[in-house]
Structures are given as structure tokens and as C-alpha cells.
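Keep the viewer open as you read.

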Amino acid sequence: MFPLDSPWNISFAGCGFLGIYHVGVASCLVEQAPFLVRNARHVYGASAGALTATALVTEICLGEVGASIIEVAKEARKRFLGPMHPSFNLVKIVRHVLRRTLPDDSHHRASGRLGISLTRVTDGENVLVSHFNNKEELVQACVCSAYIPVYCGLIPPTLQGVRYVDGGISDNLPQYELKNTITVSPFSGESDICPRDSSTNIHELRFTNTSIQFTLTNLYRVSRALFPPDPMVMKGMCKQGYKDALHFLKRNGLLNFNGPQTDRPLLANKEDDEAAEEEKDDERREVEDGLQQEAKAVMFYGSSSLDEHVIEYLPPTLHKALIEACVERRSLVQSLGNLLPVRMASVMMLPYTLPLESAMSLTLRLLEWLPDVQEDVGWIREQILKILQCVLRQASRSFSQNVSARLFCHLELHHYRSLPSKPSSTSLFPTWMNSSGSSVQDVFVRLDQYKKQLLSGVLCINMDLRGSFKTGMTSPDSSRSFGFFQQDFNSRSNCLNVPHDDKPGKPLSRSKSFW
């Protein structure tokens, strides 16, 4: 069971146009377990999840929110390139919808309770904004959290003088690591409320704290996050969210639980809500014609388990709003434009009409940009200077490394050329050892004098006496002296290289000589 003895939070993941799934989840929580929303300490959201979190905290109509999302998707689908068409301004549409739907005191309701995930442009760090001075700051925070670079534009918006972009880039599921945080995601994975795909694949992708399982249905959902599907498919996603939230409440024993400060009974108790059920039946009769088309869309979405009891639980206000939003209201010109010959002609004329539409939309955007030109141009100049400084720094670093490497090679080559071409073994000894007039006895006498002179410190001399001594002609006396040399040399070598622990001494060499 879900622990209610400690404070809990709700966190909505960023998901683009799949935010309609969050609307279904929020609607289920409000209708079936209102104490979870009312007593939650914080409600977090990133990108599209921030829009649903704002609607939940400010207590606006969720049916209107769902209808607005579908209307925006329909507006994007009208264009040939969808949301990437130059005439489609997503930021302008989102700002207009928020200003229209949010109440005037929304910033008072949201401050201290709503947490919006943002990504700071200067260092890429995540920022959770939870205090708002006025309604415009709340609207601007939602716009910043949903601003995807390049997809929405090139110049990021500002909030309190700081540039921010989509919060899903740095943290797509805010505060998911807290113990009592109810995480909501439209992607099948490890979130508390998410679709449960029937797949045996155990592999998953972690995208900024969001668990996404590798399934075909998830691949379809990811592809539809930035390019909206058909409105009826989006309505099926909303019902999927309602169903998954309902299963979460049942699984944790919260469906029939009257939480603290509960003002009205739950809708699951049918005995106390007979009047509400009658009103539902009256409103459902008005939308029976759209249910068949909706069932086809649900099958296409891949949620075949959404049968009549899920549709029955869907709140009538939300259901009616989604049905009305899905209805295509076409005029005579739009009906003619949907004919196949007209559509083929429009596609063939696209190379001529697209530049004209792009020029018109660019002109409108420049006119709307005039109040912020000075600030944005200053920011662009600063970014260009930072990029140039970074490039120059990298170029100077690589140049200095190349110069130092070449100088080192030249020095090594000069040192190599200055060495003798054919080093001999006799050059390793002093000159008095290489002289032909020196006898073997003189050599060892000189070595004894060397040892007496070097008294400071610990001396370790390893010499390779494999050279040849030139002593002239060999005579019987010299052979006798040579035998003496071998005997005396063995005794002296034992003194210089004494073995330890009855181990044989290491061979003497001149490779190492240290103090």
C-alpha cells in the first residue's frame, strides 16, 4: 500500500504531445482520490508535464486542458511539415492558451507548491522554480519548460533575466528519487503510473531519470511525442492514462479510501452517486456516434483492453470536451481542399508556396520580436564571443602542443647526432684502464684508491668487466699473473656483490649506478 503517514509528491514527466495522457491521469486522481492531489506537498512537472501540473495546482478545468492539447495538435497536423512548418509557432500558441485558461490568482495558488523543471542555458544545470510573483511569471515558466531548442526556435526565452530551455533536457522526471513521489509517465517503464506493455523485453532506456522500456509501442509513442497523432488516437491515450491511474489506486488500496479533509464521496461508490450517473447517461447519449470511430483509434493505439467499463469511468465533462475537440468542423473551402486532386496539386506547388509562406511567417515573427530585439541581440553577441574564445583557446592549445612536440624532436635529433657513432666497450672505462701499459695489478690498485676516495653515502658500483685488457704478449709470468688476477678478482667481486640469505649474487653490470 501507498504510505500516507508521511508527505508525498506527484511528478509528471515531459512527453510533448503525449501530455494528453497526463490529463487522463490527473482527471482520475481528482475524481477518484482527490485527497492525493489536495494534500500533496509538491506537484512537479517538466515540459508538457509542467502544463498538467500547473492545471492541477491551479484547479482549472481538465476537460478544457485536454481539448486545448487536441486543438493544438489539429492545428499542427493541418500543415504539410506539421509542427516544423515555419508558420506554426508553438510558443505563441502555448502562451495564448495559458493566459486564457489560468485564473488571475494562479501565481498565489502555485507558489510554494508547484515545481517546474527548467534547464539553464549557461551551464546546462537543472533548476526547479516554485515561486512566482505574478501570473505572467507562471506563464513564462511554463513556456520555458516546454521550449525545445530548434524545434521551437533559436533564441531561448527568459525568466527573471535568465535564459532557460526545456526542463526535460536536464531532469525529465523531477524529484523521482524521493520515497513518496508518485511518478507519472506516458512511456512504459518503471514509473508508478504508466502503460504496462505486454513485452518480455527487460531492456530499458534512462532518459534524464525517465524509464523507457524497449517495446514497439514505446517506439510509436516516442515518434508521436513531437509529431502529434490523429485526434481520436490522442483521446485513446487520455483514456489510457485514466485507466492506468485507476489501476494504481486499486493496487495501493486508495480507490475507496476517504483521505483526510475529504469533502465529497468518491465516484466509485455507486450507491451515493445515482444522480451523477443519470447525468452521465444523458451526456453520453449525445456522443454515441463518436464511440465507434474512437474504438478504432484505440485499437490502432494498441490498447485493446480499454473496453466499456473504462469509458464508463471517464468523467463526462472531460469525455464531452475531448469528443467536441476531435470533431472536424470544415467549411466548404476546407472540404474542397481535402479532395485528392486538390491535395496532389498543393503538394506539386509546395516548392513555390513554401518559400512564400516562410517569408510571410518570418515577417510576422520579426514584427513580434521588435520589443525584445535589443536584449536578444545582446545575448546572441555574448554567445558568439564565448564560442570564438573557446575556439581560439582550443586552437592555441593545440598549436602549443605541436610546437613543443616539434622542438622536442629537434632536440632529440641534435643530441643523437652529437653522440659517438660507434661506441666501444673500452670507452666505458677510464683512460688509465684503457692504456696498454697498465698491468692487472695496477688496475686493482687504482680501484682500491677509488673506493677509499668515495666514502660519503652508500655506494653501489656495478661494473661490467667484460672488456678486453690489452697487456701485450702473453708469457709464462704473465699467465701466472693472470691466474693471480682471476683469484684476486673473484675475491674482490664477492666483496662488491655480497649475496643475502644464501642466495647467489646477481651478476655485475654497468647498467645501473646510483648513490
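Angles under 35 degrees count as roughly parallel, those over 145 as roughly antiparallel, 65 to 115 as roughly perpendicular, and the rest as oblique. You are looking at a predicted model, in which local features need pLDDT of at least 70, side-chain atom pairs count only at pLDDT 80 or more, and totals for chains, interfaces and linings use all residues. Residues are numbered from 1 along each chain as its sequence is written, and side-chain values use heavy atoms, with hydrogens and water left out.

Start with helix 1 (residues 19-32) and helix 4 (residues 62-77), whose axes come within 10 Å and cross at roughly 170°. The two are therefore roughly antiparallel to each other. Here helices (H or I, at least four residues) and strands (E, at least two) are DSSP runs numbered from the N terminus, while axes are lines fitted to C-alpha atoms, for helices over the stretch in contact, with angles running from 0 to 180 degrees between N-to-C directions. Helix 1 brings Gly19, Ile20, Val23, Ala26, Ser27 and Val30 to the contact, and helix 4 brings Leu62, Val65, Gly66, Ile69 and Ile70; contact means heavy atoms within 4.5 Å. By class, eight of these residues are nonpolar, three are polar and none is charged. In this scheme Ala, Val, Leu, Ile, Met, Phe, Trp, Tyr, Cys and Pro are nonpolar, Asp, Glu, Lys and Arg are charged, and the others, Gly among them, are polar.

Next, turn to helix 3 (residues 48-58) and helix 7 (residues 135-145), which pack at about 155° with their axes 9 Å apart. That angle makes helix 3 roughly antiparallel to helix 7. Ala50, Leu51, Thr54 and Thr58 of helix 3 meet Leu138, Cys142 and Ser145 of helix 7.

Now zoom in on two serines. Serine 185 sits in the loop between strand 7 (181-184) and strand 8 (204-207). Serine 185 is buried because its relative accessible area is 0%; buried means under 20%, exposed over 50%, and partly exposed in between (1.4 Å probe, protein chains only). Beyond neighbours within four places in sequence, serine 185 has contacts that include Tyr21, His22 and Thr210. Serine 400, in helix 17 (residues 373-418), is partly exposed because its relative accessibility is 39%. Its side chain reaches the backbone oxygen of arginine 397 at 2.7 Å.

Definitions and conventions:
A polar contact is a pair of N or O atoms within 3.5 Å; within protein, one must be able to donate a hydrogen and the other to accept it, and residues adjacent in sequence count only if both atoms are side-chain atoms.
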